[in-house]
Amino acid sequence: MLETDTLSISSAKIIHNNTSQSILQLPVQETLDYFKSSGVLLFRGFSVSYEQMKAFAEKFSSRFVLDKDRPIVDPHNKYVTLVDPGMHYVSPHCENANSPFRPDVIWFCCGVPAFQGGETLYWDGVQVWQELDEELRQLFIAKKIKFFQKFPAADWKRFLGVGATLVDVKRTLNGIPGLTYKINQDQSISIEYVCSAVVKTKYGHQDAFANSLIAEYKNPRGVVTFDDASPIPSTVINQIHQVMNKLTEVIPWQAGDLVMIDNSRFLHGRRSFTDTKRRIYSLLSYMK
């Protein structure tokens, strides 16, 4: 029986290691059951390395995907990357939710926590949706959102594989609901992706305000509008911020921590920091 504790105001849980066992010895089905109900699991006391994170994730994952912006740590574990290389605050988002390639799980492993700041933040999208006022909920039920992105050839080749060609791009993108794209002369790809801001969670099929709207609204390289191309008013964004500020939860990192996040339900972000020694590793996967 796993020893667990409540992590925060949401359903998130800590799984403690009080028997000096390796994380690779944890019962897979029991761990999975906790993950399905909790959505965020923090494994503490297991002294997890990024290699062990990958080996543990393999027990639950059908496949891994590579984030186009993050540096690979180790060519022998090519899907393990460092998180965003900057030190700035990161706004709430679900990983790759501005595209049709949203992974099921985000894995984070702490090598070295920042001396001060740098905590990972997270928000339960189910709670956020429940806390939004009725007028705002009706707005996002009535209107979808549209993300505009442009991917240089180097980015899509990293995502699809070094040997990928434009034939692979077309094979990957053709027929995806809500997605239109254009191949530019320089082989960059311009993409428009329309989706709902409220999604059904993978486990439990609950409504969740789990998206990348806030992050992309602030991203100078991205553009997000309503699906009819009308702008999203700043008053709407401010109302969402007010709700999310009340529901912000924190992972105060310790070296060797591992965190498993349901990317269909929880948004995540990060506090800013100045410690150049901070090392948080990440991994993206689809569940079996």
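On a 1 Å grid over the protein atoms alone, a cavity is a set of points where a 1.4 Å probe fits but cannot get out, and lining residues are those with an atom within 4 Å of a point. Grid points are joined across faces, edges and corners, and a volume is the space filled by probe spheres set on the points. By this search of the whole structure, 1 cavity of 30 Å³ or more is found.

The structure is a predicted model, in which local features need pLDDT of at least 70 and side-chain atom pairs count only at pLDDT 80 or more, while totals for chains, interfaces and linings use all residues. Residues are numbered from 1 along each chain as its sequence is written, and side-chain values use heavy atoms, with hydrogens and water left out.

The largest cavity holds about 40 Å³ of space, and its lining consists of Val 65, Leu 66, Asp 67, Arg 70, Tyr 79, Thr 81, Ser 282, Leu 283 and Leu 284. Strands and helices are DSSP runs numbered from the N terminus (E, at least two residues, for strands; H or I, at least four, for helices). Strand β18 (residues 279–287) gives the most to this lining, with 3 residues. By class, the lining divides into 5 nonpolar, 2 polar and 2 charged residues, where Ala, Val, Leu, Ile, Met, Phe, Trp, Tyr, Cys and Pro count as nonpolar, Asp, Glu, Lys and Arg as charged, and the others, Gly among them, as polar.

Strand β17 (residues 266–270) is mostly covered, with 5 of its 5 residues buried; buried means under 20% relative accessible area, exposed over 50%, and partly exposed in between (1.4 Å probe, protein chains only). Phe 266, His 268 and Arg 270 lie on one side of β17 and Leu 267 and Gly 269 on the other, and both faces are covered. Two strands pair if DSSP finds at least two bridges between them. Strand β8 (residues 120–124) pairs with β17 in the antiparallel sense over 5 bridges, with Thr 120 as the bridge partner of Arg 270. Strand β6 (residues 90–93) also runs antiparallel to β17, joined to it by 2 bridges, and here His 93 stands opposite His 268.

The structure holds 13 aromatic pairs, rings of Phe, Tyr and Trp (its six-membered ring) being paired if their centres lie within 6.5 Å, with planes under 30 degrees apart counted as stacked, over 60 as edge-to-face and the rest as tilted. Two of these pairs are tabulated here.

| Pair | Centre to centre | Angle between planes | Class |
|---|---|---|---|
| Phe 60 and Trp 107 | 6.0 Å | 45° | tilted |
| Phe 101 and Phe 159 | 5.3 Å | 55° | tilted |

Phe 60, in the loop between α2 (50–58) and β4 (61–65), and Trp 107, in strand β7 (residues 105–112), are 47 residues apart. Phe 60 counts as buried because its relative accessibility is 3%, and Trp 107 is likewise buried, at 0%. Phe 101 lies in the loop between β6 and β7 and Phe 159 in helix α5 (residues 153–160), 58 residues apart; at 29% relative accessibility, Phe 159 counts as partly exposed. Ring pairs also link Phe 43, Phe 46, Phe 56, Phe 60 and Trp 107 into a cluster.

A charge sits over a ring if NZ of Lys or CZ of Arg is within 6 Å of the ring centre and within 35 degrees of the ring normal. Lys 143 lies over the face of Phe 226, at 4.7 Å from the ring centre, and the charged end of Arg 278 sits over the ring of Phe 273, 4.6 Å from its centre.

Methods: On a 1 Å grid over the protein atoms alone, a cavity is a set of points where a 1.4 Å probe fits but cannot get out, and a pocket is an open set with protein on both sides within 12 Å along at least five of seven lines; lining residues have an atom within 4 Å of a point.
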